[in-house]
Amino acid sequence: MADVKKISRSNCTVPSPAINKHLNSKNNFSNDKHEVLAQLKALVENGTGFIVSLTPEYVEGSAKNVNPEIARRLHHGHFSIQAHIDLHGLGVSEAHHAFDQFLNNSIMADKRAVLIIHGRGLSSPHEPILKTKVYQWLTAAPWHKWVIAFSSARLCDGGTCATYVLLRPQPLTKRLRKKNQIGSQNPQDS
């Protein structure tokens, strides 16, 4: 404390009387405390007030030339989930095999919106292993040609422990990509 210097009152700003009244009011503190406790109770009981998409665990992606709004709509539950798989407790190779088989079966059965439950990876030493692998599998061959968009699930479907996936009815090929680009060009531009 030997090097501490006293601040002169001329350099200080004094809060307005209204702010002083608010800061000194024990009643406001009590009201704030009750409000915080009510919000905490709503969060614990119903998940109210917690926004998954604002957490660092949230994942989202969409195919090239797909409006990012599709992934946002997917996350908000605008698509009906038609199938799901739970990869909890599986090793990476078992999970990969089950993942491949699940997506293949979903496509063959004309299912377009599916849910993949992978967990948060809390027992993983560094990063979540299965969650990371699911992201890699969705964005790499052969599945990236089938994926329109994906995003972390809503809280009611597992939150960041699960991923919604929106699938194409047929894979995106170079021929289909060219056809879509030609069809989407403005005739006035030609």
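A63 counts as buried, at 17% relative accessibility, where buried means under 20% relative accessible area, exposed over 50% and partly exposed in between (1.4 Å probe, protein chains only). This residue lies in the loop between β1 (60–62) and α3 (69–75); helices (H or I, at least four residues) and strands (E, at least two) are DSSP runs, numbered from the N terminus. Leaving aside residues up to four places away in sequence, A63 touches V147, I148 and R168, a contact being heavy atoms within 4.5 Å. A63 and A149 are 86 residues apart in sequence, yet their C-alpha atoms are 6.1 Å apart in space.

The model is predicted: local features need pLDDT of at least 70 and side-chain atom pairs count only at pLDDT 80 or more, while totals for chains, interfaces and linings use all residues. Residues are numbered from 1 along each chain as its sequence is written, and side-chain values use heavy atoms, with hydrogens and water left out.

The chain holds 6 helices and 5 strands, which follow one another from the N terminus in the order α-α-β-α-β-α-β-α-β-β-α. Of its 190 residues, 29% are buried. Among contacts with a separation of 6 or more, 64% are between residues 24 or more positions apart. The accessible surface of the chain comes to about 13500 Å², with 55% of it belonging to carbon and sulfur atoms; these areas come from the Shrake-Rupley method with a 1.4 Å probe, and for residues only the protein chains shown count as cover.

Grid points are joined across faces, edges and corners, and a volume is the space filled by probe spheres set on the points. Helix α5 (129–139) and strand β4 (147–152) each supply at least two residues of the pocket lining. By class, that lining has 5 nonpolar, 3 polar and 3 charged residues; Ala, Val, Leu, Ile, Met, Phe, Trp, Tyr, Cys and Pro count as nonpolar, Asp, Glu, Lys and Arg as charged, and the others, Gly among them, as polar.

The count of cavities of 30 Å³ or more is 1, and the largest cavity holds about 30 Å³ of space. Its lining consists of V59, H118, K131, V134, Y135, L138, F150 and T163. Helix α5 gives the largest share of this lining, with 4 residues. The classes here are 5 nonpolar, 2 polar and 1 charged.

Not counting residues up to four places away in sequence, F99 touches I85, L87, I116, V134, W137, L138 and W143.

Some backbone details deserve a look. Most residues other than glycine have a negative phi, and most peptide bonds are trans. The bond from A141 to P142 is cis, with omega near 0 degrees, and P142 sits in the loop between α5 and β4. N65, in the loop between β1 and α3, has a positive phi near 65 degrees and is exposed, with a relative accessible area of 62%. D110, in the loop between α4 and β3, also has a positive phi, of about 60 degrees, and counts as exposed at 53% relative accessibility.

Note on methods. 1 Å grid on protein atoms, 1.4 Å probe; cavity = no way out; pocket = protein on both sides within 12 Å on 5 of 7 lines; lining within 4 Å.
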